[in-house]
Amino acid sequence: MLRNYFTISLRNLWKNKTFSLINLVGLSLAFATSLLLFLTSYQEFTFNHVHQNMDHIYRYYLKINMAEETDFGNTVPAPVKDALMADYKKEIKHISRIRDISFVVKYKDKTISEGAVAVDADYAKMFSFDFIEGSAETALSDLNNIVLREDVAKKIFGNEPAMGKIIMAELGENPVPLKVSGITAKLSDNTSIENDMMVRYEINPDYVNNKDNWNNSSSSLYVQVHDGITHTELEQSLKSFGPKYYKDAIEQVKKEGGKPDENGDIISAKMLPFSKEHFDRNIGGGRSMSIVYPYTLLIISIFIIFIACINFVNLSISRSILRAREVGIRKALGAIRGQVLGQFWGEALVTCLISLLLGVLFFKFSITGFNAIFNTKLTFHHLYNPKILGILSIVFLLITFVAGGYPAWFISRVNTIEVLKGKLKASSGSGLLRKTLIVKQFTISVLLISCTIIIWSQLQYLRTTPLGIDQDHVISVPIGREVEGSKMLTLLRSKLSDQPNIINITAADNNIGFGKDGSSSKSQFGFEHDGKMVNTNGLFVDFEYLKTMGIALKEGRDFSVNFPTDSTGACIINESMAKILGTNDLINKKLDLDEGKIIIGIIKDYHFESLKNNIEPITLMINGFPYTHIFIKIAAKNVDATLAAIEKSYKEIAPNSDYLGSFLDENRNEQYRAERRFTKMFIYAAILAIFLSCIGLFAIAVINIRDRFKEIGIRKVLGSSIVGLIWELSKDFMLLVLISIFIAAPIAYYFMDKWLSDFAYRIEIQWWFFGLAGITALIIAFFTISYHAIKAALMNPVKSLRSE
């Protein structure tokens with residue numbers, strides 16, 4: 001019996017090639033697309049899950065309740081670690097500071113430049129590193145230990161054994177000998193924890209000066225608590241930490257109008273669960289993202305599957321009604337309802353199964369392109385994950401049961417007598433359901449189109465809003481680790497001095513936007529001024545920085561080599577900083593910052609961060625933290641030759657480093673890579689949603705017109721024009737699309753307004769966004785329907801009426 005059902009199912013699929021093809025294409029594309037989107041969101045939701053102790057690890061941060069806003073401090077001073085361990089031994093099992101550092105490793109005649117993290121001994125115990133040699137318990141037990149990732153060890157030592165070997169690290173002025181005490185395997189890309197090279201935190205060149213300094217925050221800090229300690233218990237125990245160690249800061253915030261929060265705290269020590277760090281943009285750092293993104297991908301994947309299922313249900317019902325006479329004969333010959341239901345549900349199962357197999361095949365061949373377009377790292381092996389296989393199996397069975405089961409149930413309950421008398425038509429009984437499903441399809445399509453238009457408009461706004469700097473033809477060159485920043489600047493100036501198209505060269509300890517090195521940092525300083533606590537971003541720059549960047553002076557003067565004290569005792573502040581300082585005449589005022597700085601100039605506010613953030617106070621100084629990026633202003637002519645000269649000069653100075661120069665406008669766009677990725681996904685999802693909706697509408701239009709075949713002939717004989725017939729056949733569908741527009745518009749407005757609220761600088765949502773989305777959907781729907789409508793209207797009425 002089952003074999004018979006299967007054979008009949010295949011015959012019916014082959015017999016109705018057009019409708020079978022529509023179902024197979026729609027479902028298989030939906031399966032493949034939804035699988036890609038689902039796995040992308042799954043990767044984000046499981047970020048950092050590679051670490052076995054994840055549920056017991058927390059990131060320390062400060063919550064500061066200022067007068068007008070709440071600030072979050074995700075970097076900590078060096079002494080916080082010892083203070084926590086002294087006060088909370090019962091709660092804390094492991095603790096480690098983490099700080100990115102730059103240095104070059106030398107071994108014999110090899111010079112290697114790789115990323116490194118300065119950490120405490122517990123770092124290797126807290127996080128899940130796969131030690132090939134050595135162990136987590138002893139790898140960082142000595143101050144001169146270094147743990148290398150397997151591929152880094154290969155670069156340094158080749159085929160030599162690495163364990164126990166001494167390498168020289170150029171840290172500060174003198175090389176430091178380090179002993180290889182462990183080799184680890186490469187971590188998954190799906191984590192924020194790094195293991196290129198791990199060294200002890202204490203070897204930082206500035207550690208001695210800052211080990212007891214509570215005013216210099218340059219590290220992140222993680223703790224692992226003992227089993228049984230909950231997040232609530234941990235934070236409750238930390239309630240006394242803020243008042244104890246930040247007493248002076250709390251008093252200053254109070255003077256400035258800071259108010260206690262609901263727990264009565266002005267400044268409070270908090271712990272963010274490691275599992276939530278990836279979705280906390282205040283604490284998580286550069287790789288963090290809004291949790292809206294993975295949820296949106298998940299919702300879009302559900303939408304795509306839902307649209308394909310609607311097509312399947314509509315077509316299955318319509319096709320099954322056209323086969324109603326077959327059902328009637330089966331019942332008349334003794335078939336029970338369960339057998340009829342089993343036959344039709346079996347056909348649905350075969351269709352879904354073939355579609356799933358095709359979808360997996362499409363998924364396999366589209367992974368490479370998807371990864372390239374959306375900057376993901378999916379592989380076919382992700383499907384072997386038991387959790388994912390389980391989820392896919394449940395979804396497949398649910399789709400088959402609902403999308404295949406309902407049409408089977410619907411046709412199995414029809415009245416045999418009505419069927420055999422020919423009273424059941426394709427429009428019978430299922431009209432309201434079919435219209436409702438079509439409305440839902442186009443509601444989703446219009447929703448996706450509207451969101452795409454709004455996201456794209458916001459992205460264009462971010463790209464074109466003036467930053468307050470002249471970014472045209474300014475190249476940002478990451479210095480790297482091979483040559484110290486000031487030395488690189490001096491040598492590069494010397495080598496490029498004969499280049500006529502080089503206008504200015506300068507340097508700073510931070511980039512603008514995201515360059516090819518992917519680095520992003522932020523330095524903040526706090527000091528007392530006129531009896532109140534002032535916080536400012538700090539940027540250490542070289543002479544010519546303002547001129548190279550085109551930053552406008554409002555008052556005072558620029559840094560100049562003609563003033564020797566500028567190198568050590570001068571600073572330039574922006575307008576936002578001037579407002580916080582509060583007095584009108586600030587030029588030549590002294591700030592108690594970094595051993596005292598005289599304000600020599602005030603610059604106009606400029607966007608040194610993303611437009612997601614408001615412009616904050618910033619103070620520019622000469623000399624301080626090492627320079628990390630060189631900025632070169634070039635002329636608009638002979639650009640390629642100039643770029644080649646810059647790269648050649650850089651490689652001559654640092655032959656073992658990669659040249660990663662990029663234009664500032666490229667860096668600026670990279671700040672919004674998540675938004676660009678989001679926009680692309682919406683565009684492709686909207687196109688696919690419209691395509692699936694239209695092929696479903698196309699098929700329904702065919703059935704509808706076939707059902708009204710004689711009516712069309714009668715109307716034509718009675719004098720209806722071709723235009724009138726086309727409208728008559730299209731108006732019901734166009735009305736459904738119109739209803740969809742009015743449903744989708746407020747939904748899109750609500751969610752997009754929520755999304756835009758994350759941006760300090762944003763567009764206003766205009767009515768025409770929804771008008772454009774609606775018109776697009778109407779036009780596409782009309783052309784989808786009109787093909788068959790025109791064909792039917794032009795047909796000779798004799799063909800449709802000859803049987804009468």
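Mentor: Start with contact, which means heavy atoms within 4.5 Å. This is a predicted model, where local features need pLDDT of at least 70, side-chain atom pairs count only at pLDDT 80 or more, and totals for chains, interfaces and linings use all residues. Residues are numbered from 1 along each chain as its sequence is written, and side-chain values use heavy atoms, with hydrogens and water left out.

Trainee: Which residues is Phe-678 in contact with, leaving aside neighbours within four places in sequence?

Mentor: Tyr-293, Thr-296, Ile-455 and Trp-755. Phe-678 is found in helix H22. Helices are DSSP runs (H or I, at least four residues), strands likewise (E, at least two), numbered from the N terminus.

Trainee: Is Phe-678 buried or exposed?

Mentor: Buried means under 20% relative accessible area, exposed over 50%, partly exposed in between (1.4 Å probe, protein chains only). Phe-678 has 4% relative accessibility, so it counts as buried.

Trainee: What does Trp-755 touch?

Mentor: Beyond residues up to four places away in sequence, Trp-755 touches Tyr-293, Ile-455, Gln-458, Glu-675 and Phe-678.

Trainee: How do I read a nonpolar core?

Mentor: The core is a set of buried Ala, Val, Leu, Ile, Met, Phe, Trp, Tyr and Cys residues joined through side-chain atoms within 4.5 Å. In soluble globular proteins, nonpolar side chains tend to be buried together. Here the largest nonpolar core has 89 residues, and Leu-39, Phe-363, Leu-448, Ile-454, Leu-692 and Trp-755 touch the most other members. Helices that each supply at least two residues of this core include H2 (17-45), H12 (337-374) and H24 (722-756). Another core, of 26 residues, lies apart from it, with Tyr-107 and Phe-157 among them.

Trainee: How many disulfides does a search of the whole structure find?

Mentor: A disulfide is a pair of cysteine sulfur atoms within 2.5 Å. The search finds zero. For Cys-309, the nearest cysteine sulfur, that of Cys-352, is 7.1 Å away. Cys-309 is buried, at 12% relative accessible area. Cys-694 is buried too, at 8%.

Trainee: And cavities: how many of 30 Å³ or more does the structure hold?

Mentor: On a 1 Å grid over the protein atoms alone, a cavity is a set of points where a 1.4 Å probe fits but cannot get out; lining residues have an atom within 4 Å of a point. Grid points are joined across faces, edges and corners, and a volume is the space filled by probe spheres set on the points. The structure holds four.

Terms used. 1 Å grid on protein atoms, 1.4 Å probe; cavity = no way out; pocket = protein on both sides within 12 Å on 5 of 7 lines; lining within 4 Å.
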